[in-house]
Amino acid sequence: MRERIVGFAIKRPRVTLAALALVTLAFGIQLPKMKSDTDPKHMLPATSPVRVYNDKMEAWFGLHANVIVLGIVNRDGVLNPATLERVARITDQVLRIQGVIARDVASFTTSDDVLARGDSLYARHLMEEVPRTPAQLAAFRKALYENPMLVERLISKDGTATAIYIPIEATANGREIADRIRAVIATEHGPERYYLAGDPVARDTFGAEMFRQMALFSPIAGLVMFLALLLMFRSLTVVGTYMAVAMASVIWSMGALIGLGLPVHIMSSMIPVFLMAISTDTVHIFNEFFFRFPETQEKRSAILQTMRVVASPVILTDLTTAAGFASLAAGHIIPVRVFGLFVAFGTLAILLMSFTLVPAVMALMKEEKLSGLLGKEERTQGPTVRWLQSLGRVAIHGHRAVMAGGLILVVLAIWGITLIRVNNNMVTWFKPHSELREADRIMNDLLGGTATAYLVAVARDADAMNRPEVLRYLEGLQRDLEGLPEVGKTTSLANLVKRINRVMHRNDPRFEAIPDSDRAVAQYLLLLSMAAKPSDLNSLVDYSAQQANIWLQLKTWDAVAMGAVMDRVGAYTRTHPLPGVEFKPAGIAYFNKVWNDEVLWGMVHGFLLSLVLVFFLMVADFRSLRWGAVAFIPLIFTILLIYGFVGFVGKDFDMPISVLSTLSLGLAVDFAIHFVRRFQQRYRQDPDLERALLWTVVRPGRGIVRNAGLFALGFSVMVFADLTPYITVGAFVAAIMLLSSVATLLYLPALVRMFPSLARSPTPGDSPPLPAVSNQPGVENPSPRANR
Amino acid sequence: MTKRAAIAIAVVIAAALTPSPSGAVELSGLEIMTRVEQREIGKDERSQVTLTLITKEGQRRERKLLLQRQGKADRKKVLIHFLSPADVRGVGFLVWRHPGKDDDRWLFLPALNMVRRIAAADKRSSFVGSDFVYEDVAGRDVGQDTHTLLRSEALGGQDCYVVKSVPKDNRSAEFSSKLSWVRKDNFVVIQERYADKRGEDLKLFTVDRLEVIQGIPTVRKMTMRNLQTGHRSEVTYDQVQYNLGLKDEVFTERYLARPPA
């Protein structure tokens, strides 16, 4: 089958290329339909219990999942007529923006307040008119600071900041609305500074940035690789072929993804980069072809021989890579599943093209041009080959030292891995000095916290939340949670009832407490339902007073912060049991924690699964348990070292890092397979163990080192990206490439040298007896020429 | 006499002098809305009101109240006492409207045995968590809006005027415009459609049941739905009685603090 495909590609190269181009075009026309999705909620399926509960809970309390926070800071204090005038004007403009849920925008001019003067109650907007006289300003300041529910929400403790909370429709684009808000701000000229924060801004800005960065860095990475390849092969044809394979596989898999109507998520936006890293077959094939051609001096048979020799490692590496990524589909996280499946699909596309596009191109190359090329090849390989020879000698002759050094590194790496902190924080996906991160930091300094979580108190009976002891319990729990450094402001029905009790008692601070009877609470709630916006009350207690909602504002988007909150709630409820009432977490911060855990375990699970899968694939292909195990070692070594390093530098084990585990597996295994395969072939022809090993380190080794160097270079470009996940991916792919190539070339020969019996074990690979190869420059190799 | 009252009287006189009241001469928007405000509804009234709040998801909350009224339009006095649920039974609410100035409002909370005046700064706040705002209960002066007659059309088999009302002071109302369907035969508003400040649909008011009691066209059931949240409030009036001869002292703080047994 394979032979026939290759045969056809050589016989009818133009037809083959045209057919591939047509298929690629068919996938390509899907690309313009691309849409993005950066909502972390969509990480989990709509039917997942967390999402279902969260949606229900938002409906009960009339909460909005997407809230933009506009911080307005004036270092000289915001409580002056000019700044307040601006707040009023900006609020008025914001209410007119499409997609803003105007009725629930919270600002000085839209928030309600109930206050007491003598026997009279005033229910009105916090700021009906902008206060101008010193007396009016003083009264306004008093109204703000007397109300604990407003401090750190609408006014910072030091008076330098206020905020406008802007809920937006679920279907609205946070970044577009943020841009409209920026346009409103731009018309104001004053000393105030403005900061936009909140989940929708981060998410949608990230979504837009993601495409911008990918559109910028994919071509740059491609260009760098292009130049490096050109330097190595001195042939536009070779480089063009590699680029064509990479581009075609990207177009196939992205086209399929978009064509199926799936949105592009942060994960799937990285598919092109991953496929560029995987499409290394071309390099290996050409590497072999350029050795093979001078030996046969006949193009057709050189191509056939090349394809026969590389077929087994190419198929095996692609299948293991595809299997590794496809195993991600076993997890719960939808974008991870999509990502895994489409990288796997792209990998299979690469495999197909290795046996069609690549031989077709080789068949079209002119023989005289090839000869000229090869001359250049010879001249350029000096230093690499010398370096590889010394590396090989160190591995073979110093195998004990090499192994000992490796063991020490592994021990260190394992120690590093124990230091890893599993965490995810979307805000840190932006660089430290980016506008978004600065806004988040300043708002967290001045106000109650930008990350929202909810803690729902659920009672067995209706009207439970009217009971004074339940309200006092909520108060106690809040005070306890506020002891955590990550927790900023907390707000519950208890705060509201205390506030109204004080107001009803002529603003006497002694009545800032929960009243003693159920009826009093119920009647206060009725009063509040008349005096304030319905949403002020409904967001804290449900219709039947059976459930109450504690708002938690966290000072960080760290998933671990929410974990700490939940532990604290668990501890508090154990030491202070409240029969008939239980607490359930919800909200975006909780959501982030859930998917963070799910992503991690999904990844670990998928990673272990693909580890097992890859192992069995290798064992099956090598038809040897021992070879499978040996080829596995550089793999494990690389992965341990990389993650040990992650632990030592204190980088959080977050989504981008966890995704890389599977890629590192797929990349590292490639080198080992190429090495083992080629060594086995060689050893059958040249039964001198050390010589065969050295030959393998030098000749296929050169392909490995080139491959690694090339991609390390290409990916290192991404270090200059503006989004940290891309920086992480760029740096880590480069590190994985270099480390696994060195690990392969150092540890495989050392292992084989250490256990020579390994080499002698029968390894009937799927290749027929091989045509021999000629002398390798620098390596004495008098092997006889086999004939076909 | 206030300016507004003078206008109202003038309009009524003008209407009475019009040869054919059934509409040979087209009424203006202001005339129509003034007739709505001034239509005959008896000297006083007492009824049992059931207010049901219904969320989008179908959760219901029901409250029963006793409503007593004296006078109409900007001289109206209203006393409301909650009858159920039990924990808010006896909570009272008293409103005095005054021509040309802010209303007086008082609240009584029996659990604390406390009467408080509520300064009527915001008429847009919700009435006990319902989709009705305070103004819908106490009334809104005709003079606060500019009224334009848009067209006549039939609604539910009744010939109606469709009047558009736009607040003169943008900040005085939660809506930017309101369409009212006013029955031509009895000047009862049977439907209203509110638009928010962006011009989008905000609320829809419908009269679901209208009966004539003691010769007075009386709304027995009405609904206000918030078209943006999906929340709605239904109000039914039972045991409606007019012209009972309620004494002035019923509408005082003393009576407010003495809820019906």
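Q: In β13(B), which residue is the bridge partner of B:Met224?
A: In this predicted model, the bridge partner of B:Met224 is B:Ser233, which belongs to β13(B).

Q: How do β12(B) and β13(B) run, and over how many bridges do they pair?
A: β12(B) and strand β13 (residues 232-242) of chain B pair in the antiparallel sense, over five bridges.

Q: And what lies between those two strands in the hairpin?
A: The hairpin of β12(B) and β13(B) has five residues between the strands, and B:Gly230 takes a positive phi near 80° there.

Q: What about β11(B) and β12(B), how many bridges join them?
A: Strand β11 (residues 201-213) of chain B is joined to strand β12 (residues 216-226) of chain B by 10 bridges, and the two run antiparallel. Within this pair, B:Lys221 in β12(B) stands opposite B:Arg209.

Q: Which residue in the turn of that hairpin has a positive phi?
A: The residue is B:Gln214, with a positive phi of about 50°. The hairpin formed by β11(B) and β12(B) has two residues between the strands.

Q: Changing topic: how many residues does each chain give to the contact of chain B with chain A?
A: Chain A gives 32 residues and chain B gives 27 residues.

Q: Which elements of chain B give two or more residues to that side?
A: They are β5 (101-109) and β6 (114-119) of chain B. The largest share of the side of chain B that touches chain A comes from β6(B), with five residues.

Q: What kinds of residues are on that side of chain B?
A: They divide into 12 nonpolar, six polar and nine charged residues.

Q: Which strand of chain A is joined to β6(B)?
A: Strand β3 (residues 120-125) of chain A is joined to β6(B) by three bridges, and these strands run parallel. In β6(B), B:Arg117 is the bridge partner of A:Ser120.

Q: On to chain A, what is the strand order in the open sheet of three strands?
A: The order is β4-β1-β5 (chain A), and the pairing is antiparallel. The edge strands of this sheet are β4 (161-167) and β5 (193-197) of chain A, each of which pairs on one side only. Neighbouring strands are turned by 20° against each other on average, direction ignored.

Q: How many bridges are there between β1 and β5(A)?
A: Strand β1 (residues 67-73) of chain A pairs with β5(A) over five bridges, in the antiparallel sense. One pair of bridge partners is A:Ile72 and A:Tyr194, the latter in β5(A).

Q: Which helix lies across that sheet's strands?
A: Helix α17 (residues 435-446) of chain A lies across β1, β4 and β5 of chain A, and runs at about 100° to β5(A).

Q: What about the open sheet of four strands, what is its order?
A: Its order is β7-β8-β6-β9 (chain A), with antiparallel pairing. Here the edge strands are β7 (487-491) and β9 (581-586) of chain A, each pairing on one side only. From one strand to the next, the twist averages 25°.

Q: Which residue is the bridge partner of A:Thr491?
A: The partner is A:Trp551 in β8(A). β7(A) and strand β8 (residues 547-554) of chain A run antiparallel and are joined by three bridges.

Q: Which helix packs on the sheet?
A: Helix α18 (residues 468-481) of chain A packs on it, touching β6 (451-459), β7, β8 and β9 of chain A. The direction of α18 makes about 15° with that of β8(A).

Q: Now helices: at what angle do α8 and α13 of chain A cross?
A: The axes of helix α8 (residues 236-259) of chain A and helix α13 (residues 357-364) of chain A cross at roughly 155°, and they come within 10 Å. Therefore α8(A) is roughly antiparallel to α13(A).

Q: Which residues make that contact?
A: A:Thr237, A:Thr241, A:Ala244 and A:Val245 of α8(A) make it with A:Leu357, A:Val358 and A:Val361 of α13(A). The residues of this contact divide into five nonpolar, two polar and no charged.

Q: Last one: how far apart are the centres of domain 2 and domain 3 of chain A?
A: The centres, taken over C-alpha atoms, are separated by 56 Å. The domain assignment gives residues 60-203 of chain A as domain 2, and 384-418 + 589-773 as domain 3.

Notes:
Residues numbered from 1 in each chain as written. Chains lettered and ligands numbered in written order. Predicted model: local features only at pLDDT ≥ 70, side-chain atom pairs only at ≥ 80, totals over all residues. Axes fitted to C-alpha atoms, helices over the stretch in contact; angles between N-to-C directions. Parallel < 35°, antiparallel > 145°, perpendicular 65-115°, else oblique. Contact = placed C-beta atoms within 7 Å. Nonpolar A, V, L, I, M, F, W, Y, C, P; charged D, E, K, R; others polar. Pairing = 2+ DSSP bridges. Domains from an automatic or database assignment.
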